[in-house]
Amino acid sequence: MSGEQDNPLGPPPWLNAPPVDPYPYEDTHDLRVGPDLHPSLLGLLPFVGLWRGRGQGGFPAEEDFNFAQEIRISHDGRDFLRYESRAWLLDDESQPLGQALTESGFWRPVLVDGRPGDEMEATMIRPDGVAELYLGKAATTRLEMGTDAVAYTPSGLHVTGGHRLFGIVDAALLYAHEISIDNSPLTPHMSARLLRVGG
């Protein structure tokens, strides 16, 4: 690699610049604090919050399993929501048994003539080498989406399709998630009921 003396333009301007302050923009799951929700996200407003609860998982595991989960749906004032989920396995006494699926992504409405309609797009990524692009529709307290594209790393889980349904029912966040592996049909993967604990 060439040294600084080989660069006729001199060192880059950022090389000796002063330290940078912490990230100045707040991300929040609480609509009472932080930036205002972007107007295009009003249709997704019921989902914003911190949710925690329990559910059951299955395919492609050999046996069904019980899990607890925390989902954080937040915003920073721009025209998308941040989705973060972490789950952990539970034993028969509801005690933590080990870490489970973690994923993160972004939800955003599709604009038509500058205004949000009921269509939305989402991206989801998981540490087991799977990245998913979803298309779907949101209607008040219901959100349904299916994969438009899926990619996985050579060593990743061979997910080839997915379908997710979210709904707010009696103040709780309910969801059902189906996936297909290789050539399998869509099969129930995880479902849960989560209560709002923040926001």
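I count a salt bridge when a side-chain nitrogen of Lys or Arg is within 4 Å of a carboxyl oxygen of Asp or Glu. Strands here are DSSP runs (E, at least two residues), numbered from the N terminus.

I note that the model is predicted: local features need pLDDT of at least 70, side-chain atom pairs count only at pLDDT 80 or more, and totals for chains, interfaces and linings use all residues. Residues are numbered from 1 along each chain as its sequence is written, and side-chain values use heavy atoms, with hydrogens and water left out.

**Entry: accessibility of the first pair**

I looked up both partners, taking buried as under 20% relative accessible area, exposed as over 50%, and partly exposed as in between (1.4 Å probe, protein chains only). Glu-70 counts as buried because its relative accessibility is 13%. Arg-52 is at 36% and so counts as partly exposed.

**Entry: other salt bridges**

I get 12 salt bridges by this rule. Glu-103 and Arg-164 form one of them, with the closest N and O atoms 2.8 Å apart. Glu-103 lies in strand β4 (residues 96–112) and Arg-164 in strand β8 (residues 159–169), so the pair ties together parts that are 61 residues apart in sequence. I find both Glu-103 and Arg-164 buried.

I then checked Arg-108 and Glu-121, whose side chains meet in a salt bridge at 2.9 Å, N to O. Arg-108 is in strand β4 and Glu-121 in strand β5 (residues 115–126), so this pair ties together parts 13 residues apart in sequence. Arg-108 counts as partly exposed because its relative accessibility is 44%. Glu-121, at 25%, is therefore also classed as partly exposed.

I also noted a network of salt bridges that links Asp-27, Arg-72, Arg-82 and Glu-84.

**Entry: the barrel**

I traced the strand order next: 10 strands close into a barrel as β1-β2-β3-β4-β5-β6-β7-β8-β9-β10, with antiparallel pairing. The twist averages 25° from one strand to the next. For such angles, axes are lines fitted to C-alpha atoms (for helices over the stretch in contact), and values run from 0 to 180 degrees between N-to-C directions. Two strands pair if DSSP finds at least two bridges between them.

I looked at β1 (residues 49–57) and β2 (residues 65–74), which run antiparallel and are joined by 9 bridges. Gln-56 stands opposite Asn-66 in β2.

I moved on to β9 (residues 172–181), where 7 of the 10 residues are buried, so the strand is largely enclosed by the rest of the structure. It is joined to β8 by 10 bridges, and β8 and β9 run antiparallel. The bridge partner of Phe-166 in β9 is Tyr-175. The hairpin of β8 and β9 has 2 residues between the strands, and Asp-170 there takes a positive phi near 50°.

Leu-174 has Arg-193 as its bridge partner in β10. This hairpin has 5 residues between its strands, and Asp-182 in the turn has a positive phi of about 50°.

**Entry: aromatic pairs**

I count rings of Phe, Tyr and Trp (its six-membered ring) as paired if their centres lie within 6.5 Å; planes under 30 degrees apart are stacked, over 60 edge-to-face, and the rest tilted. The count comes to 8 aromatic pairs. Phe-47 and Trp-107 form an edge-to-face pair, 6.1 Å centre to centre with 75° between the planes. Phe-47 is in the segment before β1 and Trp-107 in strand β4, 60 residues apart. I find Phe-47 buried, with a relative accessible area of 0%, and Trp-107 buried, also at 0%.

Phe-80 and Phe-106 have ring centres 5.6 Å apart and planes at 80°, so I record the pair as edge-to-face. Ring pairs also link Phe-47, Tyr-83, Trp-107, Phe-166 and Tyr-175 into a cluster.

**Entry: the core**

I looked up the largest nonpolar core, which has 28 residues; Phe-47, Ile-73, Leu-81, Trp-107, Met-145 and Phe-166 have the most contacts inside it. Such a core is a set of buried Ala, Val, Leu, Ile, Met, Phe, Trp, Tyr and Cys residues joined through side-chain atoms within 4.5 Å. I listed what Trp-107 touches, not counting residues up to four places away in sequence: among them are Phe-47, Phe-80, Glu-121, Met-145 and Phe-166. Contact means heavy atoms within 4.5 Å.

Notes: Helix = DSSP H or I, 4+ residues; strand = E, 2+ residues; numbered from the N terminus.
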